[in-house]
Amino acid sequence: MTDATLNTGDHLNLIQRIRRDYSPLVIGMVGLFLIVFVAGAVFTDDFLTWFNVKTIIRDAALVGIMAIGLTFVTLSGNFFLLSMKEIAALSIICFATLMSADWNQWGAADADPTTWTLGMTFLVAFVATMIIATVAGALQGALIGLGGNPIVVTLGAAGLFFGIGSWWSDNLVVSYRRPHGAEWLGTGSFIGDIPNITVAFIIIAIVAELTLRYTTFGRQVYLVGANRAAGRATGHENFGMAIKCCIIASVCAAFVAVAFSGQVSSAHVNYFSSEFGSSGDMTIMVIAIVMVGGNSIMGGYGSTLRTSLGAIFISSIDNMMVLNGFNSGARVLAVGLMIVFSIIVFALVRRGSRAVE
Amino acid sequence: MDRLKHWVTENPDLSFAILLAVSVFTFFAITEPLFFTHRTGFAIMERFAVLGLVGLALTLCIIAGEIDLSIGSNAALAAVITVRFTDDWGAINALLMALAISTTIGAIQGYFIAYLRIRAIVLTVGTLMLLRGVALFAAEEKTVMLTDFRIPDFISTKMLSYFSPASLLVIAMFVVVGLFMTFTRYGREIYAIGGARKEALASGISLQRPMIIVFAISGFCAGLGGVIIGLRSGTAQALGLQYLLLAGTVAAFIGGVSILGGKGGVIGAAIGTLTVNFLNTGLVFNVTPAFMVQLYLGILLLVVIMFQTGSRVFEERQRRSQLLADVDRRRSILSEKIAALRRPSG
């Protein structure tokens with residue numbers, strides 16, 4: 001290996017490198033999005049204030065964490081899970097039920113809870129929720145890894161999890177009283193006035209990006225996603241990979257469920273359905289973020305950094321439209337147009353550059 | 001008897017579907033005294049009208065090796081358009097308008113899928129959201145309602161003791177699509193691009209024509225389903241009807257389609273839908289809440305998928321071990337021959 005091969009492209013400046021790495025269509029699309037964004041930011045009153053920026057990132061945090069989890073599944077070439085919101089629904093029911101369980105309360109009703117008892121209550125419920133989510137993820141991952149179609153498997157699993165969640169909670173709202181051990185995660189803030197959920201989003205985004213970039217596991221995800229035959233030939237079967245990625249996605253969904261339950265100190269299976277947020281239901285929103293972020297839906301190309309930026313982008317467009325007084329129809333329409341547009345652009349680029357199946 | 005045995009071995013999926021349908025029906029007919037009555041038969045056919053359409057649409061898509069996720073949104077859009085404009089334009093005009101829009105949306109999807117050569121799920125998950133937005137826009141974020149309730153009454157009129165105009169229309173649709181799939185070249189092309197796409201393309205079938213036809217039919221079925229639901233209940237919601245996707249997929253898979261494409265048929269779709277309807281209606285008699293029905297459907301789908309995947313893995317393993325045994329046998333024959341050749345010379 002000579003220096004010349006190692007340093008190819010070092011003499012190019014940034015613009016040249018972008019033009020080498022990305023096709024004009026993608027540059028055009030990103031440019032268009034940026035122009036719309038900047039124009040909106042300039043012409044919308046109160047958009048560029050510290051308070052609003054905080055709101056945007058906090059809104060992006062919940063869907064963003066889920067989308068980061070789903071990115072692993074997408075990168076490993078297993079499309080996406082249609083059961084994200086149902087996993088979250090099952091988890092939120094599990095968490096709230098355990099938080100409100102008699103044996104898990106902090107003593108008599110009028111006693112002052114100590115930090116330790118609050119922490120233990122939270123810990124028990126949190127660990128149990130994560131275990132449930134892991135099992136749910138492993139179940140789907142195993143079926144996908146054996147060769148089941150991810151869409152159909154997760155469609156069935158979605159019905160199953162939603163049914164279990166409703167059955168467990170009798171389709172009622174499960175609530176628990178304040179103060180409880182999840183408040184710090186839901187509404188608290190340790191660093192100045194930045195909510196903890198925002199901090200969690202940033203930390204998870206950084207950890208996920210570092211994992212994908214610098215660990216063996218991360219490189220394996222890309223390998224299996226980019227070329228399944230090559231992965232199998234080098235001993236990286238999709239079976240294990242699908243299980244691992246589905247577990248990551250489910251655990252992220254469960255984390256979001258816990259955080260959301262901490263905000264409202266209650267739970268219901270329909271919290272993540274169409275009423276949640278502003279645009280459509282949570283699963284589709286999460287898939288939209290992964291796609292608008294520019295990850296290849298066929299796997300092997302993309303990163304969680306793109307997903308995080310996609311979450312913030314969609315959240316800020318949404319925020320901008322709310323500030324300008326648009327109804328939910330127009331906002332869903334805008335997000336839908338963005339997804340379809342980015343799908344078509346990326347497909348056109350792929351069609352021109354690579355041999356198709 | 002021999003012919004029956006032959007038929008069963010020829011069509012294992014279809015006979016399994018029939019067996020399942022008959023056993024579900026028998027189970028409920030024995031346990032629920034009210035199940036095996038004319039009225040329940042009518043109710044089942046009423047459900048069949050909507051679910052059958054969705055099952056048919058998904059069956060066609062899966063035969064072509066793709067899956068249409070936007071079916072619920074498309075149906076909701078058609079329902080909203082029909083219900084909203086019935087008062088202004090009359091039911092027939094609004095209905096035709098909604099059907100035209102749904103079919104066009106389907107055809108455009110098919111065109112883009114074929115032109116861009118992407119998997120249908122990738123595009124249709126986008127249009128799922130887009131159409132939902134359009135439907136919200138068309139309904140102005142409200143639940144739209146009919147004011148003239150003679151139309152819902154007409155749609156549910158009882159005819160021939162089991163049928164209504166809606167279910168007769170759907171049965172006619174099944175017959176037409178079945179004939180189209182079996183006896184026309186275009187129908188056979190759909191099977192071809194599903195079962196062996198590379199070979200089909202290599203032999204000169206264009207990808208665009210069958211794709212556009214499949215997704216146009218799928219859009220039409222979704223639209224018709226939405227129109228029937230909308231006109232029958234007199235109301236429509238832009239965010240409703242998402243449950244159709246799961247029920248339709250279960251129906252299609254019970255009917256014997258394979259996720260790899262190229263397998264299954266319209267008769268299977270009808271039987272699969274009937275099975276789901278028997279289950280649904282029977283569970284209603286048991287006072288089962290709606291979410292439990294969803295749970296059972298989810299389990300059913302997972303079990304069917306598990307069987308399909310398992311049998312595929314098993315077959316693959318069988319084939320591989322067969323291949324290895326073959327190689328071994330040939331090698332031993334070869335070495336024997338070499339030994340036989342060497343012996344006289346040595």
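Reply: The pLDDT is the predictor's confidence in each residue, on a scale from 0 to 100. This is a predicted model, and chain B averages a pLDDT of 86, with 99% of its residues scoring at least 70. For chain A the mean pLDDT is 84, and 90% of the residues reach 70 or more. The model as a whole scores ipTM 0.85 and pTM 0.87.

Me: Where in chain A is confidence lowest, and where is it highest?

Reply: The lowest mean, 46, belongs to helix α1 (residues 3–6) of chain A, and the highest, 93, to helix α9 (residues 196–214) of chain A. Across residues 1–7 of chain A the pLDDT is below 50, and this stretch has 1 contact in the model beyond near neighbours in sequence.

Me: How does one describe a pair of packed helices?

Reply: Two packed helices are described by the angle between their axes and the distance between the axes. Take helix α4 (residues 50–75) of chain A and helix α14 (residues 304–323) of chain A: their axes come within 8 Å and cross at roughly 140°. Angles over 145 degrees count as roughly antiparallel, and α4(A) and α14(A) are therefore oblique to each other. The crossing of α4(A) past α14(A) is right-handed.

Me: Which residues make the contact between α4(A) and α14(A)?

Reply: On α4(A) they include Asn52(A), Ile56(A), Asp59(A), Val63(A) and Ala67(A), and on α14(A) they include Thr304(A), Ser308(A), Ala311(A) and Asn319(A). By class, the residues of this contact are 8 nonpolar, 10 polar and 1 charged.

Me: How is the interface between the chains to be read?

Reply: The size of an interface is often given as the accessible area lost when the parts come together. Here the description rests on residue contacts: 45 residues of chain A are in contact with 40 residues of chain B. On the side of chain A that touches chain B, α7 (150–169), α13 (282–292) and α15 (328–353) of chain A each supply at least two residues. The most come from α15(A), with 15 residues.

Me: What classes of residue make up that side of chain A?

Reply: The side of chain A that touches chain B has 30 nonpolar, 14 polar and 1 charged residues.

Definitions and conventions. Residues numbered from 1 in each chain as written. Chains lettered and ligands numbered in written order. Predicted model: local features only at pLDDT ≥ 70, side-chain atom pairs only at ≥ 80, totals over all residues. Axes fitted to C-alpha atoms, helices over the stretch in contact; angles between N-to-C directions. Helix = DSSP H or I, 4+ residues; strand = E, 2+ residues; numbered from the N terminus. Parallel < 35°, antiparallel > 145°, perpendicular 65-115°, else oblique. Left-handed = near helix turned anticlockwise from the far one by under 90°. Contact = placed C-beta atoms within 7 Å. Nonpolar A, V, L, I, M, F, W, Y, C, P; charged D, E, K, R; others polar.
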